[in-house]
Amino acid sequence: MAETKVIGGRSRSVRVVLNREKMEAYHIDPLMISRQINQSNKQLTSGDFNKNDEAISVKAGSFFESARELKNLVVGIQNGHPVFLKQVAEVTDGPELPETYVSFGYGMGKKEKLEKAPGDYPAVTISVAKRRGADAMRVSDQILDKIDHLRSELIPADVNVDISRNYGATASHKVGELLMHLLGAIVAVTFVVMLAMGWRGGLVVFISVPITFALTLFSYYFLDYTLNRITLFALVFVTGIVVDDSIIIAENMHRHFKINRMPPWQAAIRSIDEVGNPTILATFTVIAAVIPMVFVSGLMGPYMSPMPIGASIAMMLSLIIALVVTPWLGFRLLRHQDKKEDKPYKLEETRIYRLYKRSMIPLIDSKWKRWGFIGGVTVLLMGSMLLFALKVVTVKILPFDNKNEFQVVVDMPEGTTLERTAMVTKEIATYLKQDKLVSDYQTYVGTAAPINFNGLVRHYDLRRSDNVADIQVNLLPKGERDLQSHDIAKALRPEIHRIASRYNANVKVVEVPPGPPVLSTLVAEIYGPDRKTQIRIAEKVKTLLNNTENVVDVDWQMEDDQKEFFFNVDKEKAALAGISTEQLVGALNMGLHGREVSTLYDEDEYKQVGISLRLDEQQRSSIRDLEKLKLMSENGTMVPVGDIVNIEEKVKGKSIYRKNQKRVVYVTADVAGELESPVYAMLDVSERLKNIDLPEGYSLGEYYKGQPQKEDNYGLKWDGEWQITYEVFRDLGTAFAVVLVIIYMLIVGWFQNTRVPFVMMVAIPLSLVGIILGHMILGAFFTATSMIGMIALAGIMVRNSILLIDFVNLRLADNVPLKQAVIEAGAVRTIPILLTAGTVVIGAFVILFDPIFQGLAISLMGGTIASTFLTLILVPLIFYMTERKRYEKPSKSEEVERDDESKTKQV
């Protein structure tokens, strides 16, 4: 355990409630009582002495062991008689006065428990945090076992213990869910291969997967990676990719065994020799597409880096297994599969060859059809990209995950009493408990709920004031409800705001962020040379956000005006009266706020019992009461506080925030509705910023990447989720550009041709058609995981192009005409390409319904489907167009066309 924290409840305390009139009568002030308690509550070992050859220890003084001893403490002398503490104060030993309220209640989601316990019950929350590196699931199980043990030994029968948050169980559920996704993907991929290559081919591919993943998990151990959602997701992500190498080799062996022109052993070697080198090159292109994502900076960097590292390791290991294990398995299993077939294998007689030839011949023979097809694909690509500009497909860093909890943060105006805040919080909680999807809730008034993921940046756990409160809302488990947690929060928000508006409260419905936590989804930082103008601009921006569609929970980090009285000491009067400023300040603090002056000794208590001094509540409820408090002067007279102070009423000073040493005013908001990305709200507000009035000679600059360097003008810096969105898409865009360069260099290095790589890389933009249309059809955001899928597809699609062009080159080397070589390459490579595409699609399908990774699944599925079918036609076609002058003589019709063109030019 790293930390155990107790929130709520009232500790034992010895309270000394001072009576002003009695203290005045006995010529005693609060400081005298405090000093006397401190001086009397002492014990010290004085030393020892020797007598009769024995060392005897001496201890002087004694501690207070009970409230009775404290009551009988002599705090002064009046007319030669002792004045006891009980004569000027009431001493009680019991719970301290409430400074916070914590309660627990059930919602309609747990109707049976709600019927047995229908109200809100005082509660104490114990939060336990694990050490870094400890297993969250194991720690939570040990804590639950300990609680069960304590029920029989320590916890009374009428005290109910409920688990309000168990992140160990959450982690276990997430890991279990991903493992099921992983297993489902492996089985589905194997089934697809079996349909095309029989059960023997499926078995060859299936065996390669657990070997690859076992070695990948072994490498995780040396990288000091824990088994968590991100590292497991890397395995789910590559499930459909790591089998590609084995599929290509196994399918080619299967085809050569069908041809049956040479002995099985030679056929196996020939098949591996035929696809081995392009398979190695293709694998390196996929790794090159993924690995640059390691260099994503900012908060998302550590969040994302295990994925490309794990995926790259898995793909490298899958290549080794495909070149070592798969050929051996293929030779053992696949050579026996087609022995019963008497008819010799002929490519020209296969259905795929006839269909592919029928599709390609018109495009190869007709110039107009070729360019018409290319133009149609280009229009389709441009049209799909236009969906971003039309906001049909919207951009967001990550969608909200489907959590089992959310938080309601209550901020009352400064100066609100604790009881008033508790009343408003209870009314909101009463509304929440009526929802059938709410299982239970906890309210924290005057304090904060235990820290959660949001607290890492928003620091809600540090809130301490009478005017603040938290409501931690727990929902039914995901399996017991149809609605996502984000939809539930959106549905509850309007009524919560209506309740809050009646009491002038600012209430925010806060969900657990799917990615790195930020101060708020939408943050506007106001900078400038004059603080008053800064505040006025911030107020205008706050109004603009309140009037912007899809923007909710608008707030700013600026306190409301709160009345404050200053007791300014008249130095001359105080000196003449024999009263010091320290005396006055200490007495007022002790009388009004209360002060713990010493502790009670009780060896049975697990924590020290404080002794606190404070005036009776009826004697500290007005300025007049405080003026009447009398202090003992140096000359022995009692001097009223009102005689030596000048009282001034002011507005309490407000907090000043600075960021990188620059003064800033924060305006925060959340986004909920049709367009839930902060980018669109920012653009909407940006158009109306020019309507803000500014002092003459000044302007309001807008900053998107970083805060203004100087403070001689006013500026608005957009932050929050936008900052992470900008950093992630900037870094991923840079990574994508690097990926293209690396892929180009790899292809040039292998094919020794500078034009061929461009032909192969035509497949990359084709994936955008399926990616964007897929997001539109499913109504999903284009997220960071969508971008990851798009980048990974760059390598996957180029892999297909490499397999096609490499086979064309093999056939050209056998003196086959270019036109025939192109058709044969497409026909031969269609099955392995469709199989690898199918495995990628099926591997991605298992995470399609995960809110966080849905964007990745859509990109892999939609991009693979669209790009695969377009690549099979477009890449061979463009290769034919670029290389036909080199390999073919022009036909008679083309010679006639050229002669006509030359005659026209001469005329």
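This is a predicted model: local features need pLDDT of at least 70, side-chain atom pairs count only at pLDDT 80 or more; totals for chains, interfaces and linings use all residues.
The six-stranded sheet is open, with its strands in the order β9-β8-β12-β13-β11-β14 and with antiparallel pairing. Its edges are formed by β9 (121-122) and β14 (506-511); each has a single partner strand, so one side of each is left without a neighbour in the sheet. Within this sheet, strand β8 (residues 101-106) and strand β12 (residues 438-445) run antiparallel and are joined by six bridges. Valine 102 stands opposite tyrosine 444 in β12.

Helix α14 lies across β8, β11, β12, β13 (468-475) and β14, and runs at about 175° to β12. Helix α16 touches β11, β13 and β14, and its direction makes about 170° with that of β14.

The two helices also meet each other. In general, a pair of packed helices is described by the angle between the axes and by the distance between them. For helix α14 (residues 418-433) and helix α16 (residues 485-502), the axes come within 10 Å and cross at roughly 155°. Angles over 145 degrees count as roughly antiparallel, and α14 and α16 are therefore roughly antiparallel to each other. Their crossing is right-handed. On the α14 side, the contact is made by Glu427, Ile428, Tyr431 and Leu432. On the α16 side, Ala491, Leu492, Glu495, Ile496, Ile499 and Arg502 take part. Sorted by class, this contact of α14 with α16 has seven nonpolar residues, three charged residues and no polar ones.

The four-stranded sheet is likewise described as open. Its strand order is β7-β2-β19-β18, and the pairing is mixed. The edge strands, β7 (89-95) and β18 (595-600), each pair on one side only. From one strand to the next, the twist averages 25°. Strand β2 (residues 12-18) pairs with strand β19 (residues 609-615) in the parallel sense, over six bridges. Valine 16 stands opposite leucine 613 in β19. Helix α2 (residues 30-40) packs on this sheet and touches β2, β18 and β19, with its direction at about 25° to that of β18. Helix α19 (residues 581-592) lies across β18 and β19 and runs at about 105° to β19.

Three residues in loops were examined for backbone angle or surroundings. In general, most residues other than glycine have a negative phi. Aspartate 53, in the loop between β3 (42-51) and β4 (54-62), has a positive phi, near 60°, and is not a glycine. Its relative accessible area is 85%; the cut-off for exposed is over 50%, so aspartate 53 is exposed. Lysine 391 is not a glycine either, and its phi is positive at about 60°. This lysine lies in the loop between α13 and β11. With a relative accessibility of 43%, lysine 391 counts as partly exposed.

Threonine 394 is also placed in the loop between α13 (367-389) and β11 (405-411). Its relative accessible area is 8%; because buried means under 20%, threonine 394 is classed as buried. When its neighbours within four places in sequence are left aside, threonine 394 is in contact with Leu675, Tyr680, Phe781 and Phe782.

Note on methods:
Residues are numbered from 1 along each chain as its sequence is written. Side-chain values use heavy atoms; hydrogens and water are left out. Axes are lines fitted to C-alpha atoms, for helices over the stretch in contact, and angles run from 0 to 180 degrees between N-to-C directions. Helices (H or I, at least four residues) and strands (E, at least two) are DSSP runs, numbered from the N terminus. Angles under 35 degrees count as roughly parallel, over 145 as roughly antiparallel, 65 to 115 as roughly perpendicular and the rest as oblique. A crossing is left-handed if the near helix is turned anticlockwise from the far one by less than a right angle, and right-handed if clockwise. Contact means heavy atoms within 4.5 Å. Ala, Val, Leu, Ile, Met, Phe, Trp, Tyr, Cys and Pro count as nonpolar, Asp, Glu, Lys and Arg as charged, and the others, Gly among them, as polar. Two strands pair if DSSP finds at least two bridges between them. Buried means under 20% relative accessible area, exposed over 50%, partly exposed in between (1.4 Å probe, protein chains only).
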